[in-house]
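Work through the exercises below with the sequence and the structure at hand. Try each task before reading its solution.

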Amino acid sequence: SHGVEKVLPRKAANATLFTDAAHFGWGAVLVDEHHDVYVAGDTWKVAQRAFSSNAKETLAIANALAAFKARVMDLSLLRIVVDNTTAQSIVTRGASRSDNLADVAAAVTDALKRINAEIHVSYVKSKDNPADEPSRGLPVSFEKILREETTRLGAADSRKGGRARFC
């Protein structure tokens, strides 16, 4: 008989989550320390289509955390990279100054509390965001993922960004 080798999935301690929102929907790209890449995205629900761009960008983070729940639950460090400064601020502070964003801010904060990882959040220009394509229902640009991840790993935490811990 032929032996069958069972390959166990590798557990990652650190990962980078890129998120984006578009009029069409939301997208997310998760890259773990082993350089394994995971992609998620979907169209907006009917009620969400009328949300502001800030609300959609923030909600994209919550949706991504839910989509990658099994992958992010045991991380020590999760770097969240967004192309919207309002969403970046909400993750950093754990709340929103705007009443209009209170519900989506609470959704993100609740999702981050469940992860129990150290959270670093930073900004990326929209043109460099690997999650831009899946948010528009387009194929992922692996060149963009590699370029951004290499840049971020090389820069460590020297870029403008913030840290948040949700317990």
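## Exercises on a predicted model

The structure is a predicted model.

**Exercise 1.** Find Ala12 and decide whether Ala12 is buried or exposed. Then list its contacts beyond the neighbours within four places in sequence.

*Solution.*
- Step 1: Ala12 sits in the segment before strand E1, which spans 14-21.
- Step 2: The relative accessibility of Ala12 is 16%. Buried means under 20%, so Ala12 counts as buried.
- Step 3: With neighbours within four places in sequence left aside, Ala12 is in contact with Asp32, Glu33, His34, Asp74 and Leu75.
- Step 4: For His35, which is 23 residues from Ala12 along the chain, the separation between C-alpha atoms is 9.8 Å.

**Exercise 2.** Describe the surroundings of Lys56. Which side chain of opposite charge is nearest, and which backbone oxygen does the Lys56 side chain reach?

*Solution.*
- Step 1: Lys56 belongs to helix H1, residues 53-67.
- Step 2: Lys56 is buried, and the nearest side chain of opposite charge is Glu57, 9.5 Å away.
- Step 3: A salt bridge requires the charged atoms to be within 4 Å. Lys56 has no salt bridge.
- Step 4: The Lys56 side chain does reach the backbone oxygen of Arg49, at 3.1 Å.
- Step 5: Leaving aside neighbours within four places in sequence, the residues in contact with Lys56 are Ala21, Ala22, His23, Trp44, Gln48, Arg49 and Phe51.

**Exercise 3.** Examine the largest nonpolar core. Which of its residues touch the most other members, and which element supplies the largest share?

*Solution.*
- Step 1: This core has 35 residues, and those touching the most other members are Leu17, Ile61, Leu65, Leu78, Ile80, Val91 and Leu112.
- Step 2: At least two core residues come from each of E1, strand E2 (25-32), H1, strand E4 (77-82), helix H3 (85-93), helix H4 (102-115) and strand E5 (118-123).
- Step 3: H1 gives the largest share, seven residues.
- Step 4: Another core of eight residues lies apart from this one, and its members include Val31, Val81, Val124 and Ala131.

**Exercise 4.** Follow helix H3 from start to end. Where do its buried residues fall when seen down the axis?

*Solution.*
- Step 1: At the start of H3, a side-chain oxygen of Asn84 comes within 3.0 Å of the backbone nitrogen of Thr86.
- Step 2: The buried residues in H3 are Ala87, Gln88, Ile90 and Val91.
- Step 3: Down the axis of H3, its buried residues fall within an arc of 160°, so they line one face of the helix.
- Step 4: After H3 comes Gly94, with a positive phi near 80°.

Technical notes. Residues are numbered from 1 along each chain as its sequence is written. This is a predicted model: local features need pLDDT of at least 70, side-chain atom pairs count only at pLDDT 80 or more; totals for chains, interfaces and linings use all residues. Side-chain values use heavy atoms; hydrogens and water are left out. Helices (H or I, at least four residues) and strands (E, at least two) are DSSP runs, numbered from the N terminus. Buried means under 20% relative accessible area, exposed over 50%, partly exposed in between (1.4 Å probe, protein chains only). Contact means heavy atoms within 4.5 Å. Lys and Arg count as positive and Asp and Glu as negative; His and the chain ends are not counted. A polar contact is a pair of N or O atoms within 3.5 Å; within protein, one must be able to donate a hydrogen and the other to accept it, and residues adjacent in sequence count only if both atoms are side-chain atoms. A nonpolar core is a set of buried Ala, Val, Leu, Ile, Met, Phe, Trp, Tyr and Cys residues joined through side-chain atoms within 4.5 Å. The arc is that of the directions from the helix axis to the C-beta atoms.
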